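Here is a briefing on a structure, with the sequence and coordinates shown below. Read it alongside the viewer.

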Amino acid sequence: MQKLIAAIAGRLVIIVPYLWLLILFLIPFFIVFKISLSQTAIAIPPYTPVFNLADGIAANWDKLKELSFANYLWLLDDPLYYKAYLSSFFIAAVSTVLTLLIAYPLSLGMARAPLTLRPTLLMLVILPFWTSFLIRVYAWIAILKPEGLLNQFLMWAHVIDTPLNILNTNTAVFIGIVYSYLPFMVLPIYSALEKMDHSLIEAAQDLGSPPFAAFWKITFPLSIPGVIAGCFLVFIPAMGEFVIPDLLGGSQTLMIGKTLWSEFFSNRDWPVSSAVAVVLLVILIVPIVLFQRAQARAQEEGR
Amino acid sequence: MESFGSFRRKFAPWNDPAAKPYITFEKVTKIFGDFTAVDDLSLDVFNREFFALLGASGCGKTTLMRMLAGFEEPTSGRILLDGQDLRGIPPYRRPVNMMFQSYALFPHMTVEGNIAFGLKQDGMAKSEIDARVGEMLKLVKLEKFAKRKPHQLSGGQRQRVALARAVAKRPKVLLLDEPLGALDKKLREETQFELMDLQVKLGLTFMVVTHDQEEAMTMADRIAVMDHGRIMQVATPAEVYEAPASKFVADFIGNVNILDGTVEKVANGEAEITAAAQGLTIRAETGKALAPGQKVWFAVRPEKIRINREKPQDASFNAVEGELWDIAYFGDMTVFHVRLDNGTLIKAASLNAVRKTENPLTYDERVWVSFDTDAGLVLTA
């Protein structure tokens with residue numbers, strides 16, 4: 001009897017994460033997917049409902065036949081959408097590389113810092129999270145605008161004569177993404193570097209590697225799982241980013257998150273924006289699966 | 001004078017005044033903050049010697065080794081290797097390799113990759129590297145494991161990879177930091193002999209850091225006993241054991257009974273010592289110049305003390321009566337703790353040379369402990 005209870009309890013524990021996935025991921029996804037297959041309508045909500053349980057099975061079966069992928073074909077038709085996807089991909093990729101370039105030395109410095117100093121440094125990395133993301137992005141407007149802090153400083157230092165036009169360009173979007181997602185890159189890389197046995201570096205030096213060679217042959221390869229984790233943690237949300245391109249980007253900044261938003265709120269075309277969201281998810285599933293594989297492999301290696 | 005030579009016949013360059021030392025530590029001091037890890041230390045090690053630095057943790061032995069490897073620079077003094085001053089030479093340019101305590105195998109490389117690492121750094125030709133790696137794998141009997149990664153190996157195999165990697169470059173000196181520390185007892189004993197064998201085969205100078213005296217005694221030609229950044233004695237294992245230079249060394253190495261005493265008389269190289277607190281008079285042969293009234297210690301190893309039910313007949317023996325207080329049975333030998341009437345505990349070990357004893361000694365029996373006049377040592381420091 002006790003065994004039975006224990007077995008049931010064991011199952012229940014596993015059920016919790018599955019329920020979580022079901023309620024917070026699968027059900028919303030299917031709702032969005034369902035909407036993406038329907039037609040726009042001037043109604044509340046603004047689309048023709050696809051299924052209605054009250055209609056009975058036969059009626060719903062007929063509706064199933066009516067389902068169309070017209071919205072997806074529409075996405076293919078209008079170059080705006082694939083351009084937005086491509087541009088998002090490009091912006092996310094560039095931002096990820098830039099974040100990596102900044103985060104890696106930062107993480108290395110943190111991991112090599114005296115043991116007593118590390119918690120403080122870690123705290124400083126996490127500290128920005130204590131302020132609203134939106135406010136921090138707004139703060140960048142104040143910094144980057146033509147009469148903003150950056151330009152004032154550079155003019156004061158006589159580096160430039162006329163204000164730089166950074167705000168409302170892709171550069172501002174890169175800055176915003178790098179700034180906002182930096183901790184997501186720093187933390188996994190830091191944790192990979194921090195757990196590394198320092199005697200490995202000494203061993204490499206002992207065997208004839210100057211410090212730089214020892215870094216490339218030992219430290220860097222061993223931190224790759226952290227680098228991969230960090231890149232995905234930055235790339236995936238950056239791809240669908242809306243707030244940063246909306247606030248810092250200009251009219252020419254094309255990102256799928258922004259397209260989705262305007263489709264949803266300005267055009268009130270829920271079916272098309274749902275289709276945009278579903279395609280974005282499908283595009284992102286590929287890197288997510290790759291990420292999972294990389295993690296599984298890293299775990300198998302036992303390091 | 002008694003002699004406690006090296007067991008490697010004829011290998012004793014330290015006794016040859018003409019022999020040139022291979023490694024010289026010259027008045028080396030290393031200070032970390034306000035902690036003096038190595039204190040004005042001078043030491044000579046000879047070519048092809050198997051040298052052990054022995055001491056408790058924090059005695060400076062590891063720091064001494066790390067200074068030779070180049071991971072630390074001496075605060076003052078200098079280190080010479082084969083006539084070359086090592087000051088300012090970074091670890092990657094020193095002809096010294098180290099086997100790390102943690103082994104420090106590169107987890108992302110195979111066994112082969114680990115062994116080849118140092119050779120690649122030297123820009124050796126590919127064919128030559130392959131040949132050398134093969135040779136090393138054979139030497140440590142790991143040919144079958146060449147393609148494995150370190151996490152797929154057992155502790156003993158990892159230790160051998162670390163060893164192969166460290167000797168692959170044929171360094172002038174191989175440093176071994178607690179080389180057997182992570183192995184279990186049985187494997188440790190086997191590996192000790194493998195290491196000694198390897199050292200002779202390769203003709204390298206080995207310098208091993210250990211806190212395990214048994215390990216040091218078995219493997220080393222000479223041992224330096226260290227304490228608080230200083231060397232207390234440098235000698236062969238037999239000398240360190242049988243003729244410790246000080247009370248510290250006598251106490252540190254092996255088991256010993258140490259009695260405080262005062263010199264009563266000195267005549268014909270024999271001192272009569274009253275062990276003050278014990279109310280016991282000991283006659284001991286000594287070559288040391290002692291004066292009556294001088295405070296000394298008398299040290300005698302348990303295995304040199306006999307234990308009997310009757311008072312020994314030989315009147316020249318030191319003998320004292322007591323009660324058998326405790327018996328520690330080790331299989332090969334038994335250590336008896338005898339409590340003298342004044343309360344002093346004396347340890348006496350006896351070899352269990354026969355399987356069956358008619359009438360073994362047992363707890364609470366009255367017994368005599370006795371030892372010859374040359375069984376112990378008078379120590380003044």
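Helix H6 (residues 133-144) of chain A packs against helix H8 (residues 170-194) of chain A at about 140 degrees, with axes 11 Å apart. That angle makes H6(A) oblique to H8(A), since oblique is what remains after under 35 degrees (roughly parallel), over 145 (roughly antiparallel) and 65 to 115 (roughly perpendicular). This is a predicted model; local features need pLDDT of at least 70, side-chain atom pairs count only at pLDDT 80 or more, and totals for chains, interfaces and linings use all residues. Residues are numbered from 1 along each chain as its sequence is written, while chains are lettered from A and ligands numbered from 1 in the order in which they are written.

- Two packed helices are described by the angle between their axes and the distance between the axes.
- Axes are lines fitted to C-alpha atoms, for helices over the stretch in contact, and angles run from 0 to 180 degrees between N-to-C directions.
- Helices (H or I, at least four residues) and strands (E, at least two) are DSSP runs, numbered from the N terminus.
- From H6(A), A:Phe133, A:Val137, A:Trp140 and A:Leu144 meet A:Ala172, A:Ile175, A:Gly176, A:Tyr179 and A:Ser180 of H8(A).
- The H6(A)–H8(A) contact has seven nonpolar, two polar and no charged residues.
- Nonpolar means Ala, Val, Leu, Ile, Met, Phe, Trp, Tyr, Cys and Pro; charged means Asp, Glu, Lys and Arg; the others, Gly among them, are polar.
- Helix H9 (residues 198-206) and helix H10 (residues 211-239) of chain A cross at roughly 125 degrees, and their axes come within 9 Å.
- H9(A) and H10(A) are therefore oblique to each other.
- The crossing of H9(A) over H10(A) is right-handed.
- A:Leu200, A:Ile201, A:Ala204 and A:Gln205 of H9(A) contact A:Pro211, A:Ala214, A:Lys217, A:Ile218 and A:Thr219 of H10(A).
- That contact has six nonpolar, two polar and one charged residues.

**Annotated spans**

- An unreviewed UniProt entry annotates "transmembrane region" at residues 12-33, 84-108, 120-143, 172-193, 214-238 and 270-291 of chain A.
- UniProt positions are given in the numbering used here, feature names are shortened, and annotations may be inferred rather than shown by experiment.
- Residues 12-33 of chain A are 100% helix and 0% strand, with end C-alpha atoms 29 Å apart.
- Residues 84-108 of chain A are also 100% helix and 0% strand, and their end C-alpha atoms are 35 Å apart.
- The UniProt annotation "domain: ABC transmembrane type-1" (unreviewed entry) covers residues 85-291 of chain A, a span with 77% helix and 0% strand.
- In chain B, the UniProt annotation "domain: ABC transporter" (unreviewed entry) covers residues 23-253, which are 36% helix and 27% strand.

**Chain A with chain B**

- The interface joins 18 residues of chain B to 16 residues of chain A (contact means C-beta atoms, placed from the backbone, within 7 Å).
- Strand E6 (96-99) and helix H2 (111-121) of chain B each supply at least two residues of the chain B side.
- H2(B) gives the most to that side, with three residues.
- The chain B side has ten nonpolar, six polar and two charged residues.

**Domains of chain B**

- Chain B is divided into domain 1 (13-95 + 171-251) and domain 2 (255-379), with bounds from an automatic or database domain assignment.
- Their centres, taken over C-alpha atoms, are 34 Å apart.
- Five residues of domain 1 and six residues of domain 2 form the contact.

Notes:
Two residues are in contact if their C-beta atoms, placed from the backbone, lie within 7 Å. A crossing is left-handed if the near helix is turned anticlockwise from the far one by less than a right angle, and right-handed if clockwise.
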